[in-house]
Amino acid sequence: MTINDRLIKGENMKYLLYFSTAMLISAVLIVPVKKIGLKYNLTAKENQRTVHHGNIVRIGGVAIYLSFMLTSLFVIHETRTFDGLIAGATIIFIFGLLDDIFDLKPVIKLLGQFLAATAAIFIGRIYLTDIHLVLGIKIESQIISYAITYLWMMGVTNAINLIDGLDGLAAGFSIIVLLTLCLLSTLLGNSMFMIPICLILAGATAGFLLYNFHPASIFMGDCGSQLLGFAIASISLYGFRKATFITLGIPILLLFIPISDTFLAIIRRKLKGQKIMSPDKGHLHHMLMNNIRLGQVGAVIVIYIMTALFGLTAYLCIVDVKIGILLLLILILLFDIFIEYTGMISPKYRPILNLLDKFKKLFEENNQ
């Protein structure tokens with residue numbers, strides 16, 4: 001074994017230690033967190049929207065946050081980026097925990113997300129620095145960069161919060177995205193900060209997932225889902241802050257599922273005359289579980305696979321753009337057919353299925 005091989009092996013062992021340490025701390029902390037949640041009745045109650053039975057503790061995000069903080073503070077060398085990420089993560093966690101306890105109004109939750117994003121931007125300097133589009137177009141306006149950054153951080157935070165509707169869904173999705181970001185960071189030369197921070201957060205989430213996969217004995221709550229959403233938004237933005245036309249789309253591909261689910265929910269509720277923030281059972285995981293009848297575990301596994309496929313697409317867009325774009329078009333086509341089939345937007349939205357029906361009729365008429 002050469003010296004270089006030993007160094008690589010040593011690095012891999014170090015990264016494995018980051019993940020496993022965070023996972024162990026999180027798993028151990030779940031026990032006292034559950035006891036505290038039960039003692040103070042911090043549980044998710046059953047209602048017409050829930051799919052669980054019984055009162056289940058909903059502050060599992062406490063274990064994720066503490067594990068992430070404890071591990072990263074020992075591992076990550078102090079940098080301005082890290083300071084901004086930790087400050088923002090702490091703000092979003094506190095507001096999320098207050099929401100789990102007191103059910104905050106939406107405007108207060110948005111305030112917390114805005115403050116967290118502000119900490120990441122102005123303390124950690126995590127924002128788009130250069131935007132290079134097609135035909136040599138370059139956007140250098142700092143105001144536009146800040147606006148896109150705020151929109152991205154707050155949008156992704158809410159998107160991942162929205163998919164936290166089935167046992168193990170948000171946690172497993174986040175782990176897949178974080179591990180994919182690890183891989184992509186090695187291709188783009190951002191591995192010094194990205195790999196350890198992604199592995200630590202993925203490990204902290206994996207320790208929680210041991211108790212959260214169906215049937216879940218604890219939920220992450222807003223303090224967990226908003227923390228993961230904000231952290232993933234910040235980390236992905238840091239990795240692709242010097243954006244070209246291609247790299248600008250990489251984080252969007254990784255988060256295609258929650259972003260599209262949120263976007264479709266807005267359209268669906270507008271068409272029905274409902275408030276944008278009003279809850280419903282028309283999300284992707286509801287469609288898979290109820291309309292396709294996959295059940296909780298089946299729906300979650302399908303979304304895991306979909307997330308991994310979009311992660312693969314992001315990887316291919318870096319190493320081979322043509323193949324990456326081809327796979328992306330196929331996935332979007334299949335996703336649109338699913339939307340039409342399930343009526344996820346509206347039963348009237350069926351452009352591709354109607355076209356297929358016409359081809360079917362023509363084929364049947366020609367064969368008569």
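This is a predicted model: local features need pLDDT of at least 70, side-chain atom pairs count only at pLDDT 80 or more; totals for chains, interfaces and linings use all residues.
**Contacts and overall make-up**

I started with contact range: among contacts between residues at least 6 apart in sequence, 72% join residues at least 24 apart. I then looked up the secondary structure and got 14 helices and 5 strands for the protein chain. Burial next: the chain has 368 residues, and 49% of them count as buried. For the accessible surface I noted about 18,100 Å², with 68% of that belonging to carbon and sulfur atoms.

**Core**

I went for the largest nonpolar core, which has 101 residues. Which members touch the most other members? I wrote down Met153, Ile197, Ile235 and Leu284. H7 gives this core its largest share, 13 residues. As general background, nonpolar side chains tend to be buried together in soluble globular proteins.

**Cavity**

Rolling a probe the size of a water molecule over the atoms shows where empty space is left. How many cavities of 30 Å³ or more does the structure hold? I got 1. The largest cavity contains about 30 Å³ of space. Leu284 turned up again here, lining the largest cavity along with Ile163, Leu169, Ile257, Asp261, His285 and Ile303. Helix H10 (256–271) and helix H11 (284–291) are the elements that give two or more residues to this lining. By class I logged 5 nonpolar, 1 polar and 1 charged.

**Second largest pocket**

I moved on to the second largest pocket and noted a volume of about 310 Å³. It is lined by 15 residues, and those closest to its centre are Val75, His77, Met192, Phe193 and Pro196. Which helices each supply at least two lining residues? I have H1 (3–39), H2 (61–75) and H7 (191–212). The lining splits into 9 nonpolar, 4 polar and 2 charged residues.

**Lys45**

Last entry: where does Lys45 sit? I placed Lys45 in the loop between strand S1 (43–44) and strand S2 (56–57). Buried, exposed or in between? Lys45 has a relative accessible area of 38%, so I put it down as partly exposed; the band runs between the 20% and 50% cut-offs. I also checked Lys45 against Arg58, 13 residues apart along the chain, and got a C-alpha separation of 9.4 Å.

How values were computed:
Residues are numbered from 1 along each chain as its sequence is written. Side-chain values use heavy atoms; hydrogens and water are left out. On a 1 Å grid over the protein atoms alone, a cavity is a set of points where a 1.4 Å probe fits but cannot get out, and a pocket is an open set with protein on both sides within 12 Å along at least five of seven lines; lining residues have an atom within 4 Å of a point. Grid points are joined across faces, edges and corners, and a volume is the space filled by probe spheres set on the points. Helices (H or I, at least four residues) and strands (E, at least two) are DSSP runs, numbered from the N terminus. Ala, Val, Leu, Ile, Met, Phe, Trp, Tyr, Cys and Pro count as nonpolar, Asp, Glu, Lys and Arg as charged, and the others, Gly among them, as polar. A nonpolar core is a set of buried Ala, Val, Leu, Ile, Met, Phe, Trp, Tyr and Cys residues joined through side-chain atoms within 4.5 Å. Buried means under 20% relative accessible area, exposed over 50%, partly exposed in between (1.4 Å probe, protein chains only). Contact means heavy atoms within 4.5 Å. Accessible areas come from the Shrake-Rupley method with a 1.4 Å probe; for residues, only the protein chains shown count as cover.
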